[in-house]
Amino acid sequence: MNKLISIVGPTGAGKSSLALQLARRLNGEVISADSRQVYTYADIGTNKKPLGDSAITTLEKHSGKWVVNGIPIWGYDIVDPDQDFSVSHFVSSALPKVHDILGRGKVPIVAGGTGYYVEALLGDSSYSEVSPDSELRDWSKHQKVEKIVEELRQIDPIIINELNTDALMNKQRMVRYLEIAQAKGSVKNAEIISPLKDSLEITKIGLAAEREFLYRKAEAWAEKIMQGGLVDEVSQLIDLGYKDTKILSGIVYSPVVRNITGEISVAEALENIKSQLRNYIRRQLIWFRRDKEISWYFITDNTFDQKIAELLESSQ
RNA sequence: GGCCUGGUCGCCAAGUGGUAAGGCAUGGGUCUGCAAAACCCUUACGCGGGGGUUCGAUUCCCCCCCAGGCCU
């Protein structure tokens, strides 16, 4: 059975560098599972381009992949910032890549912090390919969740019973379910589960550390990119006309935009970025906690290198 | 030395003589195309300290402490 390795964990835990190491050792190629690294022109704020990483000796950018130290990393620069991108796009792009890599006799190494993307690709989480219905979405803006839920109940009462109360209060998700139900008759009908889980031997590696350590590391990174090119990157994105895109309204980027437009100071922007990163790390840890198949490695453990070495031995 | 204002959860901050809003942060959680998203839940037997009045005070009175401002 063919092998696939996945590496997950919160930002800053070192997923990419471990992925590169494993790729070199095992004759593999990396697939990035990150909802922000797919965008062109967003290199520093997404950490595609780590600042001051001496381990990186060569770096070539191509559309859809970068080649770092001779190792291909797929999933970078797939689309421009003004284009739609979502789980389904990710799986459509990554799944063929997995087969492609296997077909060349190499090992696919999926590394990323977007838990939903990783799970959808591996088959641990379902998704659907129903396209957004802009009319429905516009209409829903002026509706209450209850109204959306009622509409959904008319079409698909079964799903309503299966949903928990948290979901029923989440308008964004209810609109999506209604969208799917309207297109397919029921939410269940649209369910897609990736087949990878059953056709590959998957090794899941989780990288983690103490909360405080991760927070401090993320804060240090924030300071580094703030001084080292993030502002220029954001200015460039704005100049290219991408001011109102998803990437610029997300964490790390939005405070910089607000600083550039004069709403907040540099210091405030930095604090904002740090606080958003801490929050993000927390949510990532909560997400990955669910998957009991993940073997966790603590990067602060002084036997970390040794344990990784043992892992490499066993996966040869 | 005198006068004034203020001292409420980690931070910001409402408020009442009848038993402490809210925001942020924190922590937990949900997850079928926005997932670095969206949403849900969670946090002060306590309102600077000590007396007093009262059936009852965080809220009223007295003293003290602290912070800021002003005056001599």
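Reader: Which residues go into domain 1, domain 2 and domain 3 of chain A?
Author: Domain 1 takes 3-127 + 193-210 + 284-315, domain 2 takes 134-190, and domain 3 takes 212-278. Those bounds come from an automatic or database domain assignment. This is a predicted model, where local features need pLDDT of at least 70 and side-chain atom pairs count only at pLDDT 80 or more, while totals for chains, interfaces and linings use all residues. Residues are numbered from 1 along each chain as its sequence is written, with chains lettered from A and ligands numbered from 1 in the order in which they are written.

Reader: How many residues of domain 1 and domain 3 are in contact?
Author: Contact here asks for C-beta atoms, placed from the backbone, within 7 Å. By that test, 17 residues of domain 1 touch 22 residues of domain 3. On the domain 1 side there are nine nonpolar, four polar and four charged residues. (Ala, Val, Leu, Ile, Met, Phe, Trp, Tyr, Cys and Pro count as nonpolar, Asp, Glu, Lys and Arg as charged, and the others, Gly among them, as polar.) The C-alpha centres of the two domains lie 24 Å apart.

Reader: Why is strand 7 called largely enclosed?
Author: A residue is buried with 20 or more other C-beta atoms within 10 Å of its own, exposed with 12 or fewer, and partly exposed in between, all C-beta atoms being placed from the backbone. Six of the eight residues in strand 7 (residues 201-208) are buried, so the rest of the structure largely encloses that strand.

Reader: And what makes strand 1 and strand 7 a pair?
Author: Strands (DSSP E runs of at least two residues; helices are H or I runs of at least four, and both are numbered from the N terminus) pair when DSSP finds at least two bridges between them. Strand 1 (residues 3-8) and strand 7 have six, and run parallel, so by that rule they pair. One of the bridges links Lys3 with Glu201. Strand 7 also runs parallel to strand 8 (residues 295-298), with four bridges, including Leu207 to Tyr297.

Reader: Which residues come nearest to RNA strand B?
Author: Being near takes a C-beta atom, placed from the backbone, within 6 Å. Of the 50 residues around the RNA, Ser35, Tyr116, Tyr127, Ser128 and Gly250 come nearest. Helix 14 gives the largest share of that surface, nine residues.

Terms used: Contact = placed C-beta atoms within 7 Å.
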